[in-house]
Amino acid sequence: MTRMSAKPPIPTPAHTLTDSMLSRRFGKETVNYFSNSPINRLSFLRSEHPFLSAALKHPSTEFVVLNSLAPLTRSPSEPYYAKYDELRKLVPQDLFDQSEDDMIKSFDSRKTHPTLIFLGMDESRKEGSMTWKIYSGVPFFAVDVTPKGTEVQQAAAKELISAFEAKGLSFVQTRVISTFTPEDAAIYAQARALNDWNNRNTFCGTCGNRTLSVHAGTKRACPPTDAALPAQGQPAERPACNTRTTISNLSFPRTDPTIIVAVVSADGKRILLGRSKRFPPKWYSTLAGFIEPAESIEDAVRREVWEEAGVTLGRVVIHSSQPWPYPANLMIGAIAQCSDPAHEKIHLEHDPELEDAKWFDIEEVEEALRIGTSDLSGTTPPDYKGGLRLPPATAIAYQLLHSAIHADYFQEETSKM
């Protein structure tokens, strides 16, 4: 599959352009980079092994190939989607021949397989696609080819990597992918997040024994027996584990909810921004932080802004969200406003996370959004003439700042002042 784009735009799905009562009241929906995947996840088919077995070997099926979480690409802006024939030496074709129950019963901790994750089907692609019952499209999997496991498996993985590199392909090693098209970025985000979660949970958090990937890579089980510990020719029972006393005996992928907020002054004429020590010179962004247990999104926004900058907020409005697969965050974006100028004094001595925080005039932020954006490792655009630098359009921070400056509800209020 090839989706070329010189500059990745923000997703613009059809539903953001349609007229409705909600869109007239609250404005068009903002859709962020890494979201709006073209893939239907079809989560209810993850336990249907006959389907998975057929999808694994179907000629239309495409694989996101990851090596230490880095995606295989033709170029930094174009991922390479492999076919099963290119992976068959590493990925057994009988991987889904057993049911999940039988996989758990016959579990052998000595045997390992590359992590394989069913991502879903792209139902917009019909030519040569796979049909299963009422579902039709191109199946997508993610596969981890990082050399690990037995010596034979490591050798097969290294051979596979060398074969890809001999074709001129490479694994993009970068902190954040921001050069893919929106569609490819969303597919990669799903693949990376699930692969990373599987890598971090190969052992049970309760009993410490090895776990088994089930549900096509989206759950992990702690099997009650292990063929590596034979007892009279039968798999031996493992030590008791509390996870097996629950209904599911499963662990599920983790998502960490995080707030990120554009803070507007009481008069609506300034924006609060902060910078970390790791930021490039003159680079600022919106404030962010993790949501804690038993805390609402709005409470987390107010707490984080006060802790990091000493500023007290009034109204908080939830704006949009962005999946952030580094490793598994859900960025919940908000726009908030100080209700009183007396609450705007910056104080950095609560939590030393920020190196600096400042109020910037709307005009300066607007100019920086136009000519001064870059990612943390990127260079500034040719038109940049110094001054404030901000995150790129692929970051939710950019979208929050853009909305805080241009949203009708702020323009209406400031025009009355």
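Leaving aside neighbours within four places in sequence, which residues is Leu273 in contact with? The legends below start there. This is a predicted model, in which local features need pLDDT of at least 70, side-chain atom pairs count only at pLDDT 80 or more, and totals for chains, interfaces and linings use all residues. Residues are numbered from 1 along each chain as its sequence is written, and side-chain values use heavy atoms, with hydrogens and water left out.

**View 1. Leu273 and its surroundings.**
Beyond its neighbours within four places in sequence, Leu273 is in contact (heavy atoms within 4.5 Å) with Tyr284, Ser285, Thr286, Leu287, Asp356, Ala357, Lys358, Phe360, Val365, Leu388, Leu390 and Leu401. Together with Leu119 and Val365, Leu273 has the most contacts inside the largest nonpolar core, a set of 45 residues. A nonpolar core here is a set of buried Ala, Val, Leu, Ile, Met, Phe, Trp, Tyr and Cys residues joined through side-chain atoms within 4.5 Å. Helix α8 (residues 396-406) gives the most to this core, with seven residues. Domain 1 (21-251) and domain 2 (256-406) both supply residues, so the core lies between them. A second, separate core has 35 residues, among them Leu45, Tyr84, Phe118 and Trp132.

Helices (H or I, at least four residues) and strands (E, at least two) are DSSP runs, numbered from the N terminus.

The protein chain is divided into domain 1 (21-251) and domain 2 (256-406), with bounds that come from an automatic or database domain assignment. Their C-alpha centres lie 34 Å apart. At the meeting place, 15 residues of domain 1 are in contact with 16 residues of domain 2. The two domains bury about 1300 Å² between them, 57% of it on carbon and sulfur atoms; buried area is the accessible area (1.4 Å probe) that two parts lose on being put together, summed over both. The count of salt bridges between domain 1 and domain 2 is zero.

An unreviewed UniProt entry places the feature "domain: Nudix hydrolase" at residues 253-389. UniProt positions are given in the numbering used here, feature names are shortened, and annotations may be inferred rather than shown by experiment. The end C-alpha atoms of residues 253-389 lie 35 Å apart, and the span is 17% helix and 31% strand.

**View 2. Salt bridges.**
The structure holds 18 salt bridges, each a side-chain nitrogen of Lys or Arg within 4 Å of a carboxyl oxygen of Asp or Glu. In one of them, Asp196 pairs with Arg200, and the closest N and O atoms are 2.7 Å apart. These two residues are four apart in helix α5 (residues 182-200), so about one helical turn separates them. Asp196 is buried at 7% relative accessible area, whereas Arg200 is exposed at 58%. Another salt bridge joins Arg303 and Glu304, with closest N and O atoms 3.1 Å apart. Arg303 is buried, with a relative accessible area of 16%, and Glu304 is buried too, at 8%. Salt bridges that share partners link Glu292, Glu295, Arg303, Glu304 and Glu307 into one network. Asp19 and Arg24 also meet in a salt bridge (2.4 Å, N to O), and both are exposed.

Most residues other than glycine have a negative phi, and most peptide bonds are trans. The peptide bond from Tyr326 to Pro327 is cis, with omega near 5 degrees, and Pro327 lies in the loop between β17 (316-324) and β18 (329-337). Lys133 has a positive phi near 55 degrees; this residue sits in the loop between β6 (130-132) and β7 (135-144) and is exposed, with a relative accessible area of 61%. Ala294 has a positive phi of about 60 degrees although it is not a glycine. Ala294 belongs to the loop between β16 (287-290) and α6 (297-309), where its relative accessible area of 92% counts as exposed.

How values were computed
Buried means under 20% relative accessible area, exposed over 50%, partly exposed in between (1.4 Å probe, protein chains only).
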